[in-house]
Amino acid sequence: MSQDNEDEAIPKSSSATAAIVQFIERVGRPFVPDVVKSWASRRLSPNDRKRTGGIWRDSRILQLQNDWWLTNNSDRPLRMVGVEIDRPRVKGDLIVDGPRAHDGEPVIPPKATVPISTHFMVPTRKHHLKATKRYDFTFVDHNGHRTRKRGIEYKPERQRVKTTKLNSEAIAEIADQDEKALASLLKEEIGRYARHGRQHGGLGTISAVKGNAKIKSIYQDWWASDRASERQDIVVESGPKIVSEIGDAIVEYASKLPEDRLAKFPSLLLDRLDRDREYYGVSYLIVYALWRLNRLEDALQTVYERYEFKPALVDNIFRRSYVNRVLERNQQYGYSDVLGLLNGMLRYEHLHLVERELEKIEWLAMNTSEHPFQIAQKITSIRALRIANRE
């Protein structure tokens, strides 16, 4: 039998087909051409059923993933030991949920068809998927027989590169001086977040500090397994606190306003909690400022009402949501960063949160569709600590 089998389409095995094959092998072998012999004795029939291809993070690496039906035409189990791409010569991974040999190799029972997946990381030139490409796949069994599937086609993926631009306001067109000052500070935070935001493990100008030392990553938790019995979800001592250069500047500006203008200032902040405005990406800073102005409950209620997507019937039918919009990188995590800020507040400044505020934070975490971080665990720990310290 030739080791490099041709890529003729093979029908599924059946008793009638098997009988015909056996008859040809036993009676007609001396009289049939070699190509028919090769087809009749073919042990494995790969049938491609799904394929995907895309540029990996490094634009010079092409990721190819395929799902196959592999049919064992022989009377003995076949162990698959490898799969390759011929040009360029690259070895891939075989993934199957079915039976495996003791060494982990996929096993295909005789006369059976099993689903199997292959995965390749193919070195390639930049922008390789701009044109349709074809690859030849070779499957190798434990006997060393090689079965080839030729010409699997990969078409360039359509990628949406146009981003949704959020509404921006021009400072020069704002008449109210308090609103102009607020917009100027928020725009500065937008620039800071672009340089030190979610992609870099930060939260703009917001950070936790202890004395003069800055604590890295305010909203992420790194719990050590060797200290699992200790209280690690919240900081017990009163030293650490949360600060923000821009957020504290907003609070300082508001504190110097006369009473009539100060009463209107929180509404300027609440108005800018909006998914469709440029300040969506720095919603965390608006919530921080409102917290320092003793309006945290209003801030969280507004965030939930405006940011939590409540699909109507037509949205469910067409699977529409805000997530479908393609935003710029520094605008994508506005809602999630608010929850990240709350997670940090509970960790470092829970001593300054009253029970009513804890309940509002807990309610938001329980009802949001975003990842709630470790908010529920922290609130439970805070309440337990307060009960233990109660005289």
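## A tour of rings, strands and helices

Start by selecting Trp68, Phe120, Phe137 and Phe139, which form one aromatic cluster. Rings of Phe, Tyr and Trp (its six-membered ring) pair if their centres lie within 6.5 Å. Before you click on, know that this is a predicted model, where local features need pLDDT of at least 70 and side-chain atom pairs count only at pLDDT 80 or more, while totals for chains, interfaces and linings use all residues. Residues are numbered from 1 along each chain as its sequence is written, and side-chain values use heavy atoms, with hydrogens and water left out.

**Ring pairs**

A search of the whole structure turns up 9 aromatic pairs. Pick Tyr253 and Phe265: their ring centres are 6.1 Å apart and their planes sit at 40 degrees, so this pair is tilted (planes under 30 degrees apart count as stacked, over 60 as edge-to-face and the rest as tilted). Tyr253 is in helix H4 (residues 245-255) and Phe265 in helix H5 (residues 259-271), so the pair ties together parts 12 residues apart in sequence. Helices here are DSSP runs (H or I, at least four residues), as are strands (E, at least two), numbered from the N terminus.

Is Phe265 buried or exposed? Phe265 is buried, with a relative accessible area of 1%, and Tyr253 is partly exposed at 26%. (Buried means under 20% relative accessible area, exposed over 50%, partly exposed in between, using a 1.4 Å probe and protein chains only.)

Now select Tyr280 and Tyr307. Their ring centres are 5.0 Å apart with planes at 85 degrees, so they meet edge-to-face. Both Tyr280 and Tyr307 are buried.

**Charges over rings**

Jump to Arg198, which lies over the face of Tyr333, 4.7 Å from the ring centre. Then try Lys310: its charged end sits over the ring of Tyr304, 4.7 Å from the centre. To count, NZ of Lys or CZ of Arg must be within 6 Å of the ring centre and within 35 degrees of the ring normal.

**A hairpin**

Show strands E8 (residues 133-141) and E9 (residues 146-154), which pair in the antiparallel sense over 7 bridges (pairing takes at least two DSSP bridges). Lys133 stands opposite Tyr154 in E9. E8 and E9 form a hairpin with 4 residues between them. In the turn, Gly144 has a positive phi of about 85 degrees.

**Last stop**

Finish with helix H3 (residues 177-195) and H6, whose axes come within 10 Å and cross at roughly 130 degrees. Axes are lines fitted to C-alpha atoms, for helices over the stretch in contact, with angles from 0 to 180 degrees between N-to-C directions.
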